[in-house]
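The sequence and structure are shown first for reference.

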Amino acid sequence: MAPPEVVILCGGRGTRLQEHSPAIPKPLVEVGGEPILWHVIRIYTAHGLRRFTLCTGYKGELIERAVRAQPWPDDVEIRCVDTGVDTPTGGRIARIGVLLPRGETFCLTYADGLADIDLGRLLRFHREHRRAATMTVVRPRLQFGVVDLGENGSVRRFREKPRSEHWVNGGFFCLEPGALDYVGPETVFEDSALDALAGADELRAFRHEGFWDCMDTYKDAVLLNDLWARGDAPWRLASDQTGT
């Protein structure tokens, strides 16, 4: 069985980062001297996935140029598809659905999320439950410290940026062709599409307990660059152990 194709959503404006990187789209903001998109692709290539479709939009020509300039391995195939500047995430997926191999499972993720995820385990989980979609869920660290209070305002303890007690969407999806029935031109994938899949009992959650971070703000970019500079980037260590 051939490894699935990987669809990467990289067409958004990244408004929270534009103050610090107005000239480039968020997928090209660098971590350790390489665009974060390069790191996302490398997570997949390290696990043997070789076919990629990039759903571009905002400044997509810069993304396409950057991808062409990279010395990818000869067996890696990457195509960029302009899915519109203001198209919602579900609409982007709907637009490229006809380009995907018919009847095949495919992977989907965002161009700004990094993790030391075991993609082989994720794919096995997805195939075993035989539903249309699998969403990786994570418990990110909170932005602030947490104060545990007792009676009369007493402070029992202070916990510095603990993990959230709630699971959130971490990207790294596995989808069957039937999942495309839940997206349309104006669909927001994270809202109506996932909700509809859950309502139809066609969505399962893969719990990832390891490292995960999303480069949503400049502060996130600094954190990821610091991890890389120290040689302590978990997504890099995981891919190095897997091989490229």
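## A nonpolar surface patch

In this predicted model, the side chains of Val147, Leu149 and Val155 form a nonpolar patch on the surface, and together they present about 280 Å² of accessible area. Leu149 has a relative accessible area of 55%; because the threshold for exposed is over 50%, Leu149 counts as exposed.

## Strand β1

Strand β1 spans residues 5–10. Six of the six residues in β1 are buried, so the strand is largely enclosed by the rest of the structure. Buried here refers to a relative accessible area under 20%.

In a regular strand, side chains alternate between the two faces of the sheet. In β1, Glu5, Val7 and Leu9 point one way, while Val6, Ile8 and Cys10 point the other way. The residues of both sets are all buried, and among them is the acidic residue Glu5.

Strand β1 pairs with β4 (residues 51–56) in the parallel sense, over five bridges. Within this pairing, Val7 has Thr53 of β4 as its bridge partner.

Strand β1 is also joined to β6 by five bridges, and these two strands run parallel. Val6 stands opposite Cys107 in β6, and Leu9 has Tyr110 of β6 as its bridge partner.

Strand β6 comprises residues 106–110 and is mostly covered, with five of its five residues buried. Cover is present on both faces of β6: Phe106, Leu108 and Tyr110 are buried on one side, and Cys107 and Thr109 are buried on the other.

Besides its bridges to β1, β6 is joined by three bridges to strand β12 (residues 173–175), and β6 and β12 run antiparallel. In this pairing, Phe106 has Leu175 of β12 as its bridge partner.

Rolling a probe the size of a water molecule over the atoms shows where empty space is left.

Key:
Residues are numbered from 1 along each chain as its sequence is written. This is a predicted model: local features need pLDDT of at least 70, side-chain atom pairs count only at pLDDT 80 or more; totals for chains, interfaces and linings use all residues. Side-chain values use heavy atoms; hydrogens and water are left out. Patches are made of residues with over 30% relative accessible area and no salt bridge: like charges are joined within 9 Å, nonpolar side chains (Val, Leu, Ile, Met, Phe, Trp, Tyr) within 5 Å. Accessible areas come from the Shrake-Rupley method with a 1.4 Å probe; for residues, only the protein chains shown count as cover. A salt bridge is a side-chain nitrogen of Lys or Arg within 4 Å of a carboxyl oxygen of Asp or Glu. Buried means under 20% relative accessible area, exposed over 50%, partly exposed in between (1.4 Å probe, protein chains only). Helices (H or I, at least four residues) and strands (E, at least two) are DSSP runs, numbered from the N terminus. Two strands pair if DSSP finds at least two bridges between them.
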